[in-house]
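Please read the following walk through a protein model, which moves from cavities to cores and then to backbone details.

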Amino acid sequence: MTAALVVGLLVAGGVYLVLQPGLIRVTLGFVLIGHALNSLLVAAGGMGFRAVSFIGTSHPDDAADPLPQAFALTAIVITFGVTVYLFGLARAGADDAPDEESES
Amino acid sequence: MILAVVLLALVVTAVAAPAIASRLGRNAGYPLAVAFLLIGALLATRAPDVLDGGTVSLNWEWMPSIGVSFHLHLDGLSLLFASLVLGVGALILAYCPRYLGTSEQHQRLYMLLTLFAMSMLGLVLARDLVLLFVFWELTTLASFLLIGGAGRTAVQPAARALVVTAGGGLALLAAAVLLSISAGTTNMSVIMADPSVVIESPLAPAIAVLLIIAAITKSAQLPFHFWLPDAMVAITPVSAYLHAATLVKGGIYLLMRFSPTFAHMTMWTVVLMVIGLTTMIVGAAFALKQHDLKSLLAYSTVSQLGFIIALIGVGTPGALAAAALHTFAHAMFKATLFMLAGIIDREAGSRDIRELGGLRRVMPVTATLTGLAATSMAGIPPFIGFISKEEAYSALLETPGPAWTGWLAALATVAGAGLTFAYGFRIFYGAFAGPTTQRKLYEPSMTFLLPAAIPAALGLVLGLTVGVLDPLISRTVEDTMLTESHAKLSLWHGFGSPLVLSALTIITGMALFFGRYPVDRALHRHRVPLTGADAFNHTVSGSIQLGSWIGLPARSHAIGAHIAWPLAALLVLGATGIAMRPDVAEPPLSTTRPHDWAVVALLAIAILALCLTTTRITAIVLLGAVGFLVGFWFLLAGAPDLALTQLLVEILTVVVAVLVLRRLPPTFRRIRRPRAILTAAIAVAAGTVAAAATFLLAGRRDRSAAADYLIHNAKKDSGGSNVVNTVLVDFRGLDTLGEVTVLAIAGIGLMALLRGTAEPNILPADSATAPPDRLGNMVIPRFAARVLVPMTVAISAYLLFRGHYEPGGGFIAALVAGVAVAVLQLPHGLDHPPRLRAPYLIYGGLALAVLTGIGGLADGSFLRPLHGHLGIGGAEISMTSSLSFDLGVFLIVLGMAVSAFDRLGRGTTGELPAREPELARNGQGGS
């Protein structure tokens, strides 16, 4: 239930920001959507299993699913890469400079 | 085999043509004509066989999985058309050298003409539907290229010809597909052998209509006729060869080929006769209106092809014999007339019959040849054109069905033929009779005239000895109708209805000719309200407008406009899925813990604030807050590696964002109220759907088998105890390699994106946001960096090495090192390039990761980790190649972070000298 709320809140905020004018807000929205999807990946492993999946640290029966975590880990870093690229685009002049009225 | 040799020989000739043409110039036509004759002679060696009822066939496997083969077949019908392709082809190639200029290059023309001949020959030999379609389209393309070769004015006509005939080609493809569905094969021999299979299938009417569309576009019948007069912009040899003798006969061939299957279908007969006869009369009337010789001949071709198509529609053996004979006769006289029109054009400098006159005195031979061809066209004895018309009349009178239909068709033909007679005489009279306006003209050389003289003379000789064509025509009809046929062609049929009709034709024609002034006035009084070319252009511009209208929602620079549509689709999809109340299982364990709610509440507040804030710096702080909360959420979910990664990424994101914001205004643009409400509504809907989908679909099962395997076997298989890290570097290394490659592309992309961008100097130098004395401000951070950076680097190295066992690994270590770079970079002034060079890091990392992967090949597969033990001084250290792979990951991620600081901090490379003074000025402005 809480995992669903986390995903829902992040998606709502992300979608709102992505639909606004100006590339900076769009980038912020994109980051939120990235968070949402990473949380979704983790939730897909099952939120009932929450012990860390280090061998020898916790009982194997409680350990969280490591596979979605590995997916999410690389996804976080890729999101970072895309975020930086979007910031780069904003920096290169695609953002709303005051004298330039973008269509909406 | 011989059929493949013939086609191959033409391909070889086409390949050699440019070389010959660059050596011999325009005279290259002569050797090429000889080549055509030789190839024709080769084919003719099999003609006696074919005429005796044998066939020559070749069947090579092509696409066995779908039963399509390279199947060629020579029968009487193919032989008739093949003789036109190669015979007229040789004449045209022999005509080209004197027609063409000496100053231009002719490689392209000669090559395309030869390639066209090859395609056309392939078309009439093909015995497989797919092969037929391929050759059909090749002829269309060759025609397009040959028309378009005439220069700028030819662009539009060439495009129109292509669109109309290629559209017909699509109809042919559709017909081929339906035929192969209903008959179960693409082999035309099998389809022909038992017409009942196709004719009884429910698809039969559709196939017939599609075949007719394909044929009437190719053969320029109403309402698609307009491309042919347009195509007269092409040079005269092309018009004579493609647009009179062969290409436009493709439709005729197709209809004759499929006659055995469809000839007994009433719809086939009615449609073909109506279209054919209408086109014959309308085309002839248009021809009579023309003053330009080539336009006149083009409309005449349209009209004559209509005549032949009407005969095919009749569908009796006699009608098919007449159609075959007229196809042959038409090729003779029309090719002659085109060649002569080209000669007149070259000699007299005009093709307009109003400007020509009395040429018989200066060009008597040309005049005689024109007279021969025009007389044959007009259907006057003893020319072959007379015989084919006689045959046609007697066939039309025997049209199946009520007797009046035959008479109606015959009388319509009389009208069309009368008009033909009239314009035939008009050509001759307009150009050669009357007072001589140009007295200084000379007869062209015999080499120029000879290629036109041969078919002109043949029209007369074959008229007198028409019996020699009996075997060919009989075979053609037998192959077309699959019935016995014994054509008995003769010049004199005795007195009967056909002769009466012929006489009537000549009387009508004479009347139209002698009354030409009132006829002209009547014809020119009525303007055509809409020409075919206009209709075509309207259709084209209409479809462009339609496309532009459809694309309207996407024509915006606003990102929202592009995202809204897929988002709306996703929302509808998600909402539908939830509304269908999926049957879901209960989760095996309770998924909610009490302290989760604290994260949810804080997250809600932070996200709401992030959406509402109007200043950029607040937004960045709130973004960091959201990121930390998500990191904390991961920690709660039992994913310390994720949490660590998330926190580090958040730090770096904030650093990068600050670097960018430095150069942007402090506040966002205001969001107008209606927009805010609308987008908020969409956002809430999206969030609801996402939450519901997550709630219903995620985590409602026991832990996956893959997870169980990894948790129980990771240590044994890989030696690592951090299962997530072993998944990254051992179990799913290829995934990781792909992902770090994406990062590498992002880093390199960023380097390229901001290379040499102008500093967007938005802030005024004296703005409140301009940095105060930078140097003085930076003493403490600089000092701190001296301590922090070595520590951070040490931590990073430690995290990298222990990653296999404890939280850490290449991703996390690189992010920590990235923080070190940021700490080092910030106080140094962002205008200095970092000491680390991003491209080296990225390329080095990629190379290391890939090399490690290749090393895995030693153990049988790419990226398989190698394990080993190293004994140093008694201590046993276990080593794995995963570490070097992780080091590659580390370098790439670090490289990307460095490129971000480098480019976003400075926005340019130091390599551009023009940038330096501006940077200096900025610095001064600040101090």
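What volume does the second largest cavity have? In this predicted model, the second largest cavity has a volume of about 50 Å³. Its lining consists of B:Val729, B:Thr852, B:Gly853, B:Leu863, B:Arg864, B:Pro865, B:Ser881, B:Ser882 and B:Phe885. Helix H38 (838-856) and helix H39 (882-906) of chain B are the elements that give two or more residues to this lining. By class, the lining has four nonpolar, four polar and one charged residues.

The structure holds eight cavities of 30 Å³ or more, and the largest cavity contains about 70 Å³ of space. Residues of both chains line the largest cavity: A:Val31, A:His35, A:Asn38, A:Ile76, A:Thr79, A:Phe80 and A:Thr83, together with B:Gln646, B:Val649, B:Glu650 and B:Thr653. Four of the lining residues are nonpolar, six are polar and one is charged.

Chain A also carries an annotation. An unreviewed UniProt entry places the feature "transmembrane region" at residues 27-49 and 70-90 of chain A. In the model, residues 27-49 of chain A are 78% helix and 0% strand, with end C-alpha atoms 33 Å apart. Residues 70-90 of chain A are 100% helix and 0% strand, and their end C-alpha atoms lie 30 Å apart.

The next topic is packing. The largest nonpolar core has 199 residues, and B:Leu121, B:Trp227, B:Tyr241, B:Phe258 and B:Trp268 have the most contacts inside it. Helix H17 (residues 317-348) of chain B gives the most to this core, with 21 residues.

Leaving aside neighbours within four places in sequence, B:Trp227 is in contact with residues including B:Arg160, B:Val164, B:Ala220 and B:His243. B:Ala220 lies in the loop between H10 and H11 of chain B. Most residues other than glycine have a negative phi, and most peptide bonds are trans. B:Ala220, although not a glycine, has a positive phi of about 55°. B:Ala220 is buried, with a relative accessible area of 0%.

The loop between helix H10 (204-218) and helix H11 (227-230) of chain B also holds B:Pro223. A cis peptide bond joins B:Leu222 to B:Pro223, with omega about -5°. Another cis peptide bond joins B:Pro381 and B:Pro382, where omega is about 5°. B:Pro382 is in the loop between helix H19 (364-378) and helix H20 (384-397) of chain B.

Technical notes
Residues are numbered from 1 along each chain as its sequence is written. Chains are lettered from A and ligands numbered from 1 in the order in which they are written. This is a predicted model: local features need pLDDT of at least 70, side-chain atom pairs count only at pLDDT 80 or more; totals for chains, interfaces and linings use all residues. Side-chain values use heavy atoms; hydrogens and water are left out. A nonpolar core is a set of buried Ala, Val, Leu, Ile, Met, Phe, Trp, Tyr and Cys residues joined through side-chain atoms within 4.5 Å. Buried means under 20% relative accessible area, exposed over 50%, partly exposed in between (1.4 Å probe, protein chains only). Helices (H or I, at least four residues) and strands (E, at least two) are DSSP runs, numbered from the N terminus. Contact means heavy atoms within 4.5 Å. UniProt positions are given in the numbering used here, feature names are shortened, and annotations may be inferred rather than shown by experiment. On a 1 Å grid over the protein atoms alone, a cavity is a set of points where a 1.4 Å probe fits but cannot get out, and a pocket is an open set with protein on both sides within 12 Å along at least five of seven lines; lining residues have an atom within 4 Å of a point. Grid points are joined across faces, edges and corners, and a volume is the space filled by probe spheres set on the points. Ala, Val, Leu, Ile, Met, Phe, Trp, Tyr, Cys and Pro count as nonpolar, Asp, Glu, Lys and Arg as charged, and the others, Gly among them, as polar.
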